[in-house]
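Please keep the sequence and the 3D view at hand.

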Amino acid sequence: MSDILRFEPFTSTIEPEFWSGLAQHKLHSAQLDTARTPLRGEFAGGRRHALRNAAASDAAQKLAVPARLRVSQDAWNSGEADTAGDSQQVGVAVSVDGFLYNTNTIEEFKKSDKGEMLRDAGASILDAIRSGRATRAPELLWPFTLLSYADLKKYHFYHWVAFPAVTADPPDTAIGTCVPISDFASNGSDLGALHAAFAAFAKDRLRSYSAFVAVYQPRNTSSPWGIYSLDEWDRAFDGDNGTAMVGFIDPSSHATRPGWPLRNLLTWVRYIHPEVAKLKVLCFRDAALSSADSETLRQQSESIVIDVQLTPAAELKAENQVSGWERNEKQKLAPRVVNLSSTMNPVHLAESALDLNLQLMRWRLAPSIDLAKMAGTRALL
């Protein structure tokens, strides 16, 4: 039995420090320039958390946490060399690139062509796939887009986040029901071996461990799991190696639905390996448990294995069909607004308003004016 493969969408988590950075970026760097600005975000494997009055092993009493993409004050460091920063544990969090489109007025924000933004992002994803760049750097498969307008006099930040995904029409389907990893690899030591193999795979890759190929060989008691990069596909899917599957860091905590990143990973499979009609997918959510013992892994593992029937690329109704704009708190396709005016110190608010007025004077009336000299001028009235 096959059902349409459904995905758990991302929810954005934008930290207040990011908006402070946006205010500084607008005042001192971008000014009236609306060109897109590179950003960086991150997501981690999905987890469910046991309620206080429930046993951790009772799945019915676990609270699912939304699949979150986090944008913090570190988002502005996207141009720096890739290193494992303090906020990111290698193998646990996935660092992804995005673009900020910050408009100058609320009217520009409302009139922005959201469909065109998605189509451009989808074209970039397909280009990364066809050029082979996504094979070497899978994080290119899941970019994000942040459209914003910063009202710096009121400190209201209007924004809308998109997680572009190239969709299949007709859609891909799930064959049968998903299998928890603790049932797929029922031997507790095999679960430990999976975590050890993934940790070794991710150790030296900094960012390019978010998608991989996993091979399970239950008869190989010394090394039952092998983890390979996407460009080692042919080696991993050699028929003598065992059960091979494509895997990814899954931000979803839904019991049966994989996370949003799988959409573009299946698109990669569709175009790079068109000979594949069916495949297993490992939705890996347990990287944070890498140091746990076998019993803990068996009880707390959230990862699942899904069998997927792919729609061939030749049968798609449209090649660059893209979706991904986030729904707001009311589950409507509409932007959100963050009001930070109540959290701002009145003295700092006055200083920022003065800075804004001086900057506007320079941008529009007197580009050569020395603002530092003007700000330091004192007058006796």
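Start at Trp-225: neighbours within four places in sequence aside, it is in contact (heavy atoms within 4.5 Å) with Ile-181, Phe-184, Ala-185, Asp-190, Ala-193, Leu-194, Ala-197, Ala-214, Val-215, Tyr-216 and Met-245. Trp-225 is also, with Leu-265 and Leu-279, one of the residues with the most contacts inside the largest nonpolar core, which has 89 residues. Such a core is a set of buried Ala, Val, Leu, Ile, Met, Phe, Trp, Tyr and Cys residues joined through side-chain atoms within 4.5 Å. Helix H6 (residues 188-203) gives the most to this core, seven residues. Another core, of nine residues, lies apart from it and includes Leu-118, Leu-147, Trp-160 and Val-322. In soluble globular proteins, nonpolar side chains tend to be buried together.

A word on the model itself: it is predicted, so local features need pLDDT of at least 70 and side-chain atom pairs count only at pLDDT 80 or more, while totals for chains, interfaces and linings use all residues. Residues are numbered from 1 along each chain as its sequence is written, and side-chain values use heavy atoms, with hydrogens and water left out. The chain averages a pLDDT (the predictor's confidence in each residue, from 0 to 100) of 87, and 88% of the residues score at least 70. Please read residues 55-59 with care in mind: pLDDT stays under 50 there, and the model has four contacts beyond four places in sequence for them.

Asn-328 sits in the loop between strand S16 (322-325) and strand S17 (336-339); helices (H or I, at least four residues) and strands (E, at least two) are DSSP runs, numbered from the N terminus. Is Asn-328 buried or exposed? Asn-328 counts as buried because its relative accessibility is 9%, where buried means under 20% relative accessible area, exposed over 50%, and partly exposed in between (1.4 Å probe, protein chains only). Beyond its neighbours within four places in sequence, Asn-328 is in contact with Ala-334, Pro-335 and Arg-336.

Thr-173, in strand S10 (residues 173-180), is buried too, because its relative accessible area is 18%.

Finally, look at Leu-365, in the loop between helix H10 (346-364) and helix H11 (371-375). Leu-365 counts as exposed because its relative accessibility is 70%.
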